[in-house]
Amino acid sequence: MNLSDIPAGTLIGRILRQPLKLIPGNTAMPILQGRLRGKRWIAGAHTHGCWLGSYESEKQKLFESVVQPGSVVLDIGANAGFYTLLASSLVCPEGRVYAFEPLPRNVRFLKEHLRLNKVTNVEVIEVAVSDQSGEVFFDDTAGSAMGQVATTGRLKVRTVRIDEFTDRNECQKPHCLKIDVEGHELAVLQGAASTLATCRPSIFLSTHSKSLHRDCCQLLRSHGYSLRPVLGTNVDETDEILAI
């Protein structure tokens with residue numbers, strides 16, 4: 001059973017999730033299924049679906065089909081690191097993962113997951129990704145999974161453009177970008193224009209409004225990308241796309 005597919009607001013969803021509340025949030029749980037089976041995940045870091053192995057199961061499978069050994073992956077909006085761990089496993093020791101995450105609470109969990117699983121092919125970059133480098137406010141009042149760049153906020157975080165990061169660090173050119181930044185996705189893509197044009201990475205993109213979805217799709221198509229939905233059949237009626 002894929003618990004993550006059963007809405008938490010339904011009666012059966014509430015019943016099935018009730019025992020999970022008994023697990024202390026700082027418990028390092030073994031991941032129960034999928035590519036990361038046997039890896040360790042801190043129960044309170046994110047949704048229980050992460051250690052159950054059911055988190056975004058269809059997206060996981062598609063991600064596994066795209067990311068190859070030796071690849072360079074940029075996990076933009078890494079949160080506590082589920083896709084960072086997945087990418088690390090897929091690229092193998094010869095590949096490299098760069099995990100971008102500005103929120104200190106998430107960074108602590110991310111680094112602890114790397115330590116628990118003895119991961120050595122990941123570099124954590126404690127910044128937000130945008131269309132310019134500098135500083136911005138960051139609003140995390142909606143929760144650690146929904147923190148976002150904002151006009152005001154209790155936190156100030158550093159920002160970097162992907163084009164500047166790849167040029168300045170002389171890292172290998174990326175093969176895949178995973179972007180989930182709670183409404184700042186267009187700015188991320190605009191700050192990666194040169195990377196998109198020259199490296200042609202595959203892109204897993206989460207969009208957070210209809211207007212942002214439209215604008216992001218238009219930008220990607222202008223770079224010659226073809227788009228497909230992660231779920232369903234209509235790219236215009238989804239908020240998760242794969243651009244190739």
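Helix H5 (residues 104-116) lies across strand S4 (96-100) and strand S5, running at about 170 degrees to S5, where helices (H or I, at least four residues) and strands (E, at least two) are DSSP runs numbered from the N terminus, and where axes are lines fitted to C-alpha atoms, for helices over the stretch in contact, with angles from 0 to 180 degrees between N-to-C directions. The model is predicted, with local features requiring pLDDT of at least 70, side-chain atom pairs counted only at pLDDT 80 or more, and totals for chains, interfaces and linings using all residues. Residues are numbered from 1 along each chain as its sequence is written, and side-chain values use heavy atoms, hydrogens and water being left out.

An open sheet of mixed pairing is formed by seven strands in the order S5-S4-S3-S10-S11-S13-S12, two strands being paired if DSSP finds at least two bridges between them. Strands S5 (122-125) and S12 (227-229) stand at the edges with a single partner strand each, so one side of each is left without a neighbour in the sheet.

Strand S11 (residues 202-206) runs parallel to S10 (residues 176-179), to which four bridges join it, and cysteine 176 has serine 202 as its bridge partner, while lysine 178 is partnered by phenylalanine 204. Four bridges also join S11 to S13, here in antiparallel fashion, with serine 206 opposite glutamate 240.

Technical notes
Contact means heavy atoms within 4.5 Å.
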